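Subject: Structure handover and findings

Dear colleague,

Please find the structure below, handed over for your use. My notes on it follow directly after.

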Amino acid sequence: MNLSYKNIAPFLSAGQNKASRWLSYIGLGVGVLLLLSSIQMYHNINHLIRDKNTRKNGADFISITKTITNENMGKDNRFTDAEISGLKTQSFIEDAAPLKANAFKVTAGAGDMIPFSTDIFVEAINTNFIDTVPESFQWKEGDALVPVIFSTDFLEMYNVFAPSWDLPQLSEKTATSLPIFLRCSGHKGERQYRAKIVAFSDRINSVLVPESFLEKQNKDLEEEANAKASRVFIKTKDANNPDLLSFLSQKEFHVNKDKTKFGRVKGVLQSIVSGLAGFGVLVILLALVLFSFYLQLMIAKSKDNLQLLLTLGYSPQWLSKTVAQKWIPVYITIIIVAVFLTQLLHWGFQYFVMPAREELSFFIDWIVIVIAALLLILSVAINYRLVRKSLHKL
Amino acid sequence: MQISLQQVVPVFFEAGKADASQLWNQNISFNKGENIHIVAPSGSGKTSFIHFLYGLRKDYSGNILYDNNDIKNFDAEKFSTWRQQYISIIFQDLRLFTEQTVLQNLEIKRLLSPYHKESRIATMAKRLGIESKLGKLCNTCSYGEQQRIAIIRALQQPFDFLLLDEPFSHLDENNRQLAMQLMEEEAAERNAAIILTDLKKIEYFKAEKILYL
């Protein structure tokens with residue numbers, strides 16, 4: 001069949017109801033733009049807040065300690081194994097791990113490079129609870145080098161007081177190349193190790209060493225195989241869950257709320273953007289419904305002519321395809337314009353709102369393009385099915 | 001192509017009405033190349049019969065077969081294939097696109113399965129005396145002119161059977177003969193059959209079979 005829509009167009013009342021047709025075009029455009037720009041903003045927020053993110057795999061990691069009061073001062077305020085197991089049984093806590101501390105004395109120095117030496121504490125925790133764990137963060141008996149994960153807050157504190165002590169300020173990169181000498185001493189003896197900062201942690205305010213190292217030194221230097229922990233890290237879906245907070249306060253456990261602040265801000269922002277995306281989906285649906293009314297009205301008005309075309313031998317399948325295809329260029333145009341505007345908005349956000357954040361890509365995320373393509377396929381498919389159904393009803 | 005009727009009777013017929021018919025409730029086959037004339041008075045089911053043959057209605061008992069295919073099992077898609085290539089029709093009620101021009105009415109059929117070139121439309125229109133009407137809206141034409149438009153439209157496609165349901169009811173004798181001549185020429189060119197129904201016998205239609213309903 002050498003026929004096209006052009007040949008049957010005079011037999012259809014397609015030119016009528018222009019207002020509802022244009023309204024549905026505009027609605028579809030606005031809806032797609034809302035959805036695409038929300039997805040892009042969601043991606044941007046994820047990207048921008050990633051560095052300070054305390055969440056990992058959709059969970060919050062927060063540290064708890066026992067609240068020190070005048071009454072319990074002087075007592076052993078460390079967590080018992082039973083208390084840690086009790087935490088794990090709560091429905092709002094996915095997992096808990098103690099932050100084990102050194103029972104021996106540790107002195108750290110930077111050798112001749114920085115004439116500075118101080119008593120420090122080291123701690124160890126299950127690596128699943130650490131936000132940055134490089135492969136080199138391992139230690140086995142006999143290793144002379146101890147990998148260390150250092151708190152970014154501690155480095156910041158050091159850089160604050162370093163100038164007043166005539167010490168050089170350090171960048172993260174320099175700090176990782178700094179040779180550190182650890183002197184571990186206890187009742188049973190003394191050992192010297194070289195140490196190296198292998199990563200920085202935003203989540204845990206501590207000097208972290210591998211668990212194997214800490215346990216070995218505790219055992220060998222102080223004969224303390226199972227050191228009790230003062231701090232426990234818990235993994236939870238939502239650090240702001242009222243049940244969790246009331247449970248912790250009832251147990252008189254203290255929570256470091258600062259660490260969940262970014263998670264909360266991010267959560268709120270993402271909720272707003274998700275709400276916008278949901279609104280976008282709603283507008284798209286309304287636009288498609290409006291357009292379907294227009295199509296149904298057009299088919300109803302052209303019913304006699306369409307029926308006659310079928311009687312004369314026109315194939316219902318060909319008619320549905322041809323009528324539905326007529327709007328494909330319109331849909332393509334609407335969606336391309338929406339993608340282009342999303343790119344413009346993203347560019348505006350990058351240059352006017354977040355000018356100093358180079359981590360944002362110049363182009364919109366690939367997922368936005370994929371969603372746009374899916375919307376196009378969805379619109380065309382809905383359109384085709386609707387026309388086909390209406391024609392078969394004739 | 002062959003069309004076979006196997007004891008076809010309209011379901012709305014009263015008992016005994018089809019008894020004397022040479023068509024209803026009979027086993028008959030129509031073949032390519034033969035002309036069949038069906039003669040009957042009003043109300044005897046001529047239009048129903050043509051509609052049954054063309055697949056527009058299914059309210060009959062018995063079977064109608066296109067080449068051994070029972071058309072009761074056809075869907076709209078299948079009918080479209082047969083109507084594009086093997087069966088053409090002139091309806092008693094014409095069924096034209098009244099809001100379109102005469103030429104648009106003819107072209108929409110010709111483009112579907114072109115048998116003739118576009119120029120042939122003007123030649124045929126000239127033969128039937130409606131050449132000047134080609135650019136006019138169909139609803140401005142008289143019924144006689146519209147009947148000739150429907151005749152020319154039916155001849156724009158390939159066919160093995162041409163179904164005519166009282167095609168000359170609004171034509172004068174001269175125009176009837178001109179139209180019949182044109183249709184017979186076109187059918188002969190395709191070696192096609194003509195099945196013509198009318199109230200009374202048409203003398204200038206050279207029919208091999210005459211059946212009384």
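This is a predicted model: local features need pLDDT of at least 70, side-chain atom pairs count only at pLDDT 80 or more; totals for chains, interfaces and linings use all residues.

Residues are numbered from 1 along each chain as its sequence is written, and chains are lettered from A and ligands numbered from 1 in the order in which they are written.

**Contact between the chains**

In total, 16 residues of chain A are in contact with 14 residues of chain B (contact: C-beta atoms, placed from the backbone, within 7 Å). On the side of chain A that touches chain B, the elements giving two or more residues are helix 9 (303-312) and helix 10 (316-325) of chain A; helices are DSSP runs of H or I with at least four residues, strands are runs of E with at least two, and both are numbered from the N terminus. Helix 9 of chain A gives the most, with five residues. By class, this side of chain A has nine nonpolar, seven polar and no charged residues (nonpolar: Ala, Val, Leu, Ile, Met, Phe, Trp, Tyr, Cys and Pro; charged: Asp, Glu, Lys and Arg; polar: the others, Gly among them).

Chain B comprises six helices and nine strands. Of its 213 residues, 40% are buried (buried: 20 or more other C-beta atoms within 10 Å of the residue's own; exposed: 12 or fewer; partly exposed: in between).

The largest nonpolar core has 98 residues, and those with the most contacts inside it are A:Val32, B:Leu162, B:Leu163 and B:Ile195. Such a core is a set of buried Ala, Val, Leu, Ile, Met, Phe, Trp, Tyr and Cys residues joined through C-beta atoms within 7 Å. Helix 8 (residues 258-301) of chain A gives the most to this core, with ten residues. A second, separate core has 35 residues, including A:Leu87 and A:Leu182. Leaving aside neighbours within four places in sequence, B:Ile195 is in contact with B:Phe30, B:Ile36, B:Ile38, B:Phe161, B:Leu163 and B:Leu164.

**Two helix pairs**

In chain A, helix 2 (residues 18-48) and helix 12 (residues 366-393) pack at about 155 degrees, with their axes 9 Å apart. Axes are lines fitted to C-alpha atoms, for helices over the stretch in contact, and angles run from 0 to 180 degrees between N-to-C directions. Helix 2 and helix 12 of chain A are therefore roughly antiparallel (roughly parallel: under 35 degrees; roughly antiparallel: over 145; roughly perpendicular: 65 to 115; oblique: the rest). Among the residues making this contact are A:Val32 and A:Ile39 of helix 2 and A:Ile371 and A:Leu375 of helix 12. The contact divides into nine nonpolar, two polar and no charged residues.

In chain B, the axes of helix 3 (residues 102-110) and helix 5 (residues 143-154) come within 9 Å and cross at roughly 25 degrees, which makes helix 3 of chain B roughly parallel to helix 5 of chain B. Four nonpolar, one polar and two charged residues form their contact.

**A:Leu33**

A:Leu33 lies in helix 2 of chain A and counts as buried, with 22 C-beta neighbours inside 10 Å. Not counting residues up to four places away in sequence, A:Leu33 touches A:Ala338, A:Leu341 and A:Thr342.

Yours sincerely

Definitions and conventions. Two residues are in contact if their C-beta atoms, placed from the backbone, lie within 7 Å.
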